[in-house]
Amino acid sequence: MKKLSTSILLMGILALTISFTSCKKKAKDADIKAAIETALKADPMSVNTMVSVDKGVATISGECKDEACKMHCADMVKGIKGVKEVVNNCTVAAPMPVINAEDEALTKGLNDALKDQPGVKFSINEGKIVLTGEIAKAKWAAVKQMLDKLKPKGYDLTGLTIK
Amino acid sequence: MSTSLSLQEKYQELTTAATISGVANLQVREQEGILYIDGEAPSGAVKDMLWGVYDKLDPNFLTGDLVMNVNVSATAPVTHAKVTTEHSNLNIRKGPGTDQPIVGKAAHHEIVTVVSQTSEQWWLIRTKDGEEGYSYAQYLTPEATPES
């Protein structure tokens, strides 16, 4: 196993030497791909990126944190030897919703929002707001707006009746 | 992932309406079976319209699979607000929370000074009589600065 990896390493060095010594010779796609992958891996900004190279055209895909990161990725790949063109198919990840998973904060918000609704009782089940009781339609519409601002992990409203 | 598709499909009309009506920073994301819609509506009318569409797609909002946090974008800092309770006075509290002691009251339909929009839920306000404290933002409607 060690021998094999040593010989691969040697071949790699050899290939690298050839590409360095003969400038006009095109770097092989596989080598370019490897170089890009190494560069991407070393870059903290690119998280889930993949790359393919065809005749010097590098296509990068995957998810980037934001637009700046996407541009940065492409620029970096462009700078790698042998890359003629970069096709940037990276998508920008939508930020995850901020969810209020802390029961304490949620309880406080619920107490505030439901203070004037004596007909409604609440509890929290694994971050979900559980409401029971009765409430008038117009009031419920206003309450739901207030509760959505608390960014809960969802609702269980099976026990709630809208009058 | 089929549930994800159906959830986005279920509220397709809502997200389309939000896009068409010019909701800024619109974000539609799904996490653990809940669809989250965030954004800034250009006016209160647009926000009300969106809640109307939501009510139509999910009568009485009872499925509980959507959290819509669309605020009316503040074009100018809010300096004054009208107390829009149903009919009662609005409590002014020492701190932001109903567990905080009541330090004053603002009358129904009174115009108060908004000192700070502390959070989405609680604003720091001051009455004409100089009473200052936190009130629940849901009962305060931003007003144009009164001429005096």
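The legends below describe close-up views of a predicted model.

**View 1. Surroundings of Asp148(A).** Asp148(A) belongs to helix H5 of chain A, which covers residues 137-148. Its relative accessible area is 0%, so Asp148(A) is buried. Beyond its neighbours within four places in sequence, Asp148(A) is in contact with Tyr155(A) and with Trp51(B), Tyr54(B), Leu66(B), Val67(B), Met68(B) and Asn69(B).

**View 2. Salt bridge between Lys137(A) and Asp55(B).** The side chains of Lys137(A) and Asp55(B) form a salt bridge with an N to O distance of 2.6 Å. This pair crosses between chains, linking helix H5 of chain A, where Lys137(A) lies, to helix H3 of chain B (residues 44-57), where Asp55(B) lies. Lys137(A) has a relative accessible area of 30% and is partly exposed.

**View 3. Salt bridge between Glu13(B) and Lys56(B).** The closest N and O atoms of Glu13(B) and Lys56(B) are 2.6 Å apart in this salt bridge. Glu13(B) is in helix H2 (residues 12-20) of chain B and Lys56(B) in helix H3 of chain B, so the pair ties together parts 43 residues apart in sequence. Glu13(B) is partly exposed, at 37% relative accessible area, while Lys56(B) counts as exposed, at 54% relative accessibility.

**View 4. Salt bridge between Arg126(B) and Glu132(B).** In this salt bridge, the closest N and O atoms of Glu132(B) and Arg126(B) are 3.0 Å apart. Glu132(B) is partly exposed, with a relative accessible area of 39%. Arg126(B) is also partly exposed, with a value of 34%. Over all chains, the whole structure holds 11 salt bridges.

Definitions and conventions. Residues are numbered from 1 along each chain as its sequence is written. Chains are lettered from A and ligands numbered from 1 in the order in which they are written. This is a predicted model: local features need pLDDT of at least 70, side-chain atom pairs count only at pLDDT 80 or more; totals for chains, interfaces and linings use all residues. Side-chain values use heavy atoms; hydrogens and water are left out. Helices (H or I, at least four residues) and strands (E, at least two) are DSSP runs, numbered from the N terminus. Buried means under 20% relative accessible area, exposed over 50%, partly exposed in between (1.4 Å probe, protein chains only). Contact means heavy atoms within 4.5 Å. A salt bridge is a side-chain nitrogen of Lys or Arg within 4 Å of a carboxyl oxygen of Asp or Glu.
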